[in-house]
Every structure is written in structure tokens, then in C-alpha cells.
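This report describes a ligand site, a sheet and a pair of helices. The sequence and the structure come first.

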Amino acid sequence: MITAESHQTQSTSGPFRTTLTQHILSQQGERFTERLASLLTQIGVAAKQISSQVRRAGIIEVWGQTGEVNVQGEEVQKLDMIANTTFIEVLKRSGCVVALASEEEDDWISVSGVEDGYFVAFDPLDGSSNIEVSTSIGTIFGIYHCSEHPKSTQDLLRPGREMVGAGYVIYGSSTVFVYADQERVDCFTLDPSYGEFLLSRPNLKLPTTLTTVSVNEYNQPYWPQWMCEAIDELKSRNQEKRIITGRHIGSLVADFHRNLIKGGVYYYPVDRNNKRGKLRLLYECNPLAFIAQAAGGADTWGNGSVLDLVPSELHQRVGFFVGVSEGVKHIENHYTE
Ligand code: AHG
Ligand code: MN
Ligand code: MN
């Protein structure tokens, strides 16, 4: 008799690589409840739909602005809207979501028909200023379990520490899907020939050596003194030979992904133009902080992880530093109020 042990095997090479769905199903009950497994599968579906729109952006007239300004005070791009609508419509139909909150929506969305389910906070398209120049952009999401249907915004203002999982999708030279729970981080790559996400980097860990710093240095005139000193100190490490380099795409999610693989940190401090910070706690910082910690890295807002902050509003912004622990600790050593 031939026994099939392969249902346990996570394959990242050869013709039979593990698909996202197989990966989720193989760990259902251990890492994923039936509902969470179903939610992740549906996020994978939304990701494929958004990816196909992004890939055709130059052809099907979805470049450019809608003419609207969102709740963040930013110009809304057509692809921001397409990604937002796609994510909402797919997740509303998933049967496992009770509430959604999006960077592009003024208020949270209540989804009826489900009692015990998930609240998903998301940035439908991060790095949207890069759409027109065909550079990497992405979707970021964080997942919270709700044992009963939320009644008010207050019920959704929970610290990121309470997330059960978080992830992102990058529409770059390939489309990748990264998902983390407290235990591990896995990366899947979309095979466009048959439209499946295949396990490409299992159990990702952040390197421990700091090799890359991602920061918009042209904000330096607005930085607090301690931030200028922190960056100067990093640069001074290169006197003899270059041990740290700068890489800044301007899409947080893409900068984060490169840093996760190569060993870097991303910095966006509170500054004179962004007095409360530029990045959004619920949609951007919490999910990426969660993933960084699951991969053995760290994050801070200056004096502690953003995951411990209790949000006072859905669209709250915060100073944010994330990636290799050494680069995060470096900020905490310099940070002053
Ligand atoms: P979004 O496109 O979702 O509004 O986010 C943009 C964010 C982030 O992706 C990026 O790293 C950062 O804003 C860039 O800000 P600056 O242009 O101020 O450097
Ligand atoms: Mn963003
Ligand atoms: Mn966005």
C-alpha cells in the first residue's frame, strides 16, 4: 500500500509547490479556525483581483485621480478606489467578517449576518503615489477576532497586540502575499499562469544585522533634533567601509518587504509637517509591527511598540520605526519627547 504523507508536507520547490489554500487547509484546527481559514482564502481572492487591475493600470484608464479627497486629506487615486471596493465587496461576502475599517472610508463598515467573526482593518493600496510610475504598491491588513458584533467605534479601538493575524500583498515585479500569526511568517508568490499563490518563503525571519535604512531624508529639515542625530550616527558607521546603505521606495509596504528579506529598518518620525506622524496606526503600523515581531524583529513609536497603544480614533497616525531589532533599538536610544 502507498501512504500519502504529503498532506503534511510544505513544498517550496519542484512542480508541486504548496498553494496558499493547501497551506491554510493543512493547518486548519492548529493555526487557523475554519472561519479564519475561510477569511484568508477570501483575502487571497481579493488580492488576485486587485493584482489583475494593477497589472493593467496603464491600459485600462485607471491611472490618475478621482478628484476626491479622502478622510486623511489626501487625493484619492482611481486605483485606491478600485482596491478599496474590491477588498470590501469580497470580504463582505466571505461570511466571516463582522466589521471592516479602511484608510479610504470615513467610518467603519458593519457587516450584518455574522455574530462571531473578524474585524479587518486595512490600507487597500499603500504607496499610491507610485501607481503612475509602475513601482511596487500593496495592500496591508490586520485581523481581530470579535466574539460578538461590534456596536460602536469604541468596540474597534483595540490595541494591535490583540490581532490574531496580519499580512500584506505587494503588486511588484511579482505579486506576493505575506501572512503572519504570532508564531510565524510565510510568503507566497502568485503564479500568473494559473492564478494560484504558491509557498515561496516559508517561516521568514528578519536578519539580525542592520544593512539597510529606509527613510525620506528630504524631511530632515522638519525632523526633531534627536532624529537628525540618530541618522548621523548611523551614517558615521560607514567611515571605513560601507556597512549600511539607504533604500527608499516610498511605498511603506514595499520598503518593509525588502527590509524583511535583506535586513533593514523603515523610519517615519513625527515631524514639523506631520505633528502626529504620517503613517496610520490601524491600517499600516499595527499589521507591519505584528509581522516584524513574528519574524524576530521589532517596532517602536519612539518609546515602546505601537502594538501596545490603545487607539483613540480609527484613523490615528503615529511615528513609526520597524524592522531589524538593532535599528529599532537605535531609535529608542535616541528618542526624546
Ligand atoms: P498611502 O499611499 O496609503 O497614502 O501611504 C503612503 C505612505 C507610505 O506608503 C509611504 O512610505 C509614505 O506615505 C511616504 O510618505 P512621504 O511621501 O512623506 O515620504
Ligand atoms: Mn498607506
Ligand atoms: Mn492607501
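## The ligand site

The shell around ligand 1 takes at least three residues from domain 1 (14-201) and at least three from domain 2 (212-336). The model is a predicted one.

The residues that surround ligand 1 are Glu74, Glu103, Asp123, Asp126, Gly127, Ser128, Asn216, Gly250, Ser251, Leu252 and Lys278. Sorted by class, this shell holds five charged residues, five polar residues and one nonpolar residue.

## The five-stranded sheet

Five strands form an open sheet with mixed pairing, in the order β12-β11-β13-β17-β15. At its edges are β12 (245-246) and β15 (298-300), each of which pairs on one side only. In general, the strands of a sheet pair through backbone hydrogen bonds, and the pairing is either parallel or antiparallel.

Strand β13 (residues 264-268) and strand β17 (residues 320-323) run antiparallel and are joined by four bridges. Opposite Tyr268 stands Phe320 in β17.

## Two helices that cross

Two packed helices are described by the distance between their axes and the angle between those axes. For helix α4 (residues 225-236) and helix α7 (residues 325-334), the axes come within 9 Å and cross at roughly 135 degrees. Angles over 145 degrees would count as roughly antiparallel and those from 65 to 115 as roughly perpendicular, so α4 is oblique to α7. The crossing in which α4 passes α7 is right-handed.

Technical notes
Residues numbered from 1 in each chain as written. Chains lettered and ligands numbered in written order. Predicted model: local features only at pLDDT ≥ 70, side-chain atom pairs only at ≥ 80, totals over all residues. Near = placed C-beta within 6 Å. Nonpolar A, V, L, I, M, F, W, Y, C, P; charged D, E, K, R; others polar. Domains from an automatic or database assignment. Pairing = 2+ DSSP bridges. Helix = DSSP H or I, 4+ residues; strand = E, 2+ residues; numbered from the N terminus. Axes fitted to C-alpha atoms, helices over the stretch in contact; angles between N-to-C directions. Parallel < 35°, antiparallel > 145°, perpendicular 65-115°, else oblique. Left-handed = near helix turned anticlockwise from the far one by under 90°.
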